[in-house]
Amino acid sequence: MKLPSHDYYRRLLEDFRKSDDLQDNISVQQESDGSAEEYAELFVGIPESEAIPQTSAMDQLMALTGLHDVKHAVSREVSYHRIMSLREKLGRKAPKRLMHMLLTGNPGCGKTTVGRLIGKIYKEEGILSSGQFVEANRASLVGRYIGESEQITSEKIEMAKGGILFIDEIYSLTESHEGGMKNDFGMKVIDTLMPVLSDDSSDIMVIGAGYRSNMQSFIKSNPGLASRFPVVIDFKDFILQELMEICHSHIEKYDFQIAAEAENKLSSLIERVCAVKNSGNARIVLTILDNHVIPNLCMRIDKMLKTHTMDIEEMSLIIPEDIPGIKEILPLVEKSVSNIGFSCK
């Protein structure tokens, strides 16, 4: 008897997993041709990741809140590499160009998250061989003595081969440090990176991330840097509506709900926090939820359970009482407390 393909069984397994009556399905199959055990044996050894298709990295990027310009820029790069690869397969010439990137923007706007996804996307598209994500910064690259910075940087490059070397605040490698003295060891890191940054055929991608203004100074510090980072993607601050969407996603992720009055209070709080320079974008939103709102809810529920029982729905509902004041969120920013009427960009 000719058996169906593995794809058939993967789909069958997925349907079975969704069924509330798996055993009945097997019983019916046994009665019909006695081959249920044969089918079950074929399921053994098929990894679950293959049995049920996973969401692609590009789909994960597109599912992120906001970041419309970022999504467009990454899609354009992927399309370029995809079509150039197709041209080569069809015997046509394809221009080579560097794929290194600079991601600019304020803290908490998604640069590291997108950097990780780019590695996965480029792996799925065959642009990079493995897509691993190696994170670094000045502290992890600059050594204390002569020759150490070059050695450390070379090791990081080796670790990142086939994937991405992500350098946060990359401009700190070229800025002055220690009382205005030029950071020569930082420049040694740049010098060590230059062969990789100049090779359009190397199986590694360098991504630098940081503030927009500092990145402009970084590019000006060396005449060759601009051409080595041909792709610059700017991350805009999230607007209030997007931050509230992030709130909802995070709340729903852990099976909580939020009352309408609490949502209004939370929205007003986030709006006031956004008025403070470099408040953190999505990062501060998650901080508010994880470090303040949910702990406040837990303390309230903990007290109530001492006197009466509650069902899980009551225990999962965020109410106005759980939303903190701005002094709790930004205790070290005095003027933030009185800044009312500002809104997110």
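How are helix 13 and helix 14 oriented to each other? In this predicted model, the axes of helix 13 and helix 14 (residues 260-274) cross at roughly 130° and come within 10 Å. The two are therefore oblique to each other, given that angles over 145 degrees would be needed for roughly antiparallel and 65 to 115 for roughly perpendicular. As for handedness, helix 13 and helix 14 make a right-handed crossing.

On the helix 13 side of this contact sit Leu-240, Leu-243, Met-244, Cys-247 and His-248, and they meet Glu-263, Leu-266, Ser-267, Ile-270, Glu-271 and Cys-274 of helix 14. Sorted by class, that contact comes out at seven nonpolar, two polar and two charged residues.

Helix 13 (residues 240-253) also packs against helix 15 (residues 282-304), here at an angle of about 40° with the axes 10 Å apart. That angle makes helix 13 oblique to helix 15. Once again there is a handedness to report: the crossing of helix 13 and helix 15 is right-handed.

Which residues of helix 13 meet helix 15? From helix 13 come Leu-243, Ile-246, Cys-247, His-250 and Ile-251, while helix 15 brings in Ala-282, Val-285, Leu-286, Leu-289 and Asp-290. Eight of the residues in this contact are nonpolar, with one polar and one charged making up the rest.

Methods. Residues numbered from 1 in each chain as written. Predicted model: local features only at pLDDT ≥ 70, side-chain atom pairs only at ≥ 80, totals over all residues. Heavy atoms only, no water. Axes fitted to C-alpha atoms, helices over the stretch in contact; angles between N-to-C directions. Helix = DSSP H or I, 4+ residues; strand = E, 2+ residues; numbered from the N terminus. Parallel < 35°, antiparallel > 145°, perpendicular 65-115°, else oblique. Left-handed = near helix turned anticlockwise from the far one by under 90°. Contact = heavy atoms within 4.5 Å. Nonpolar A, V, L, I, M, F, W, Y, C, P; charged D, E, K, R; others polar.
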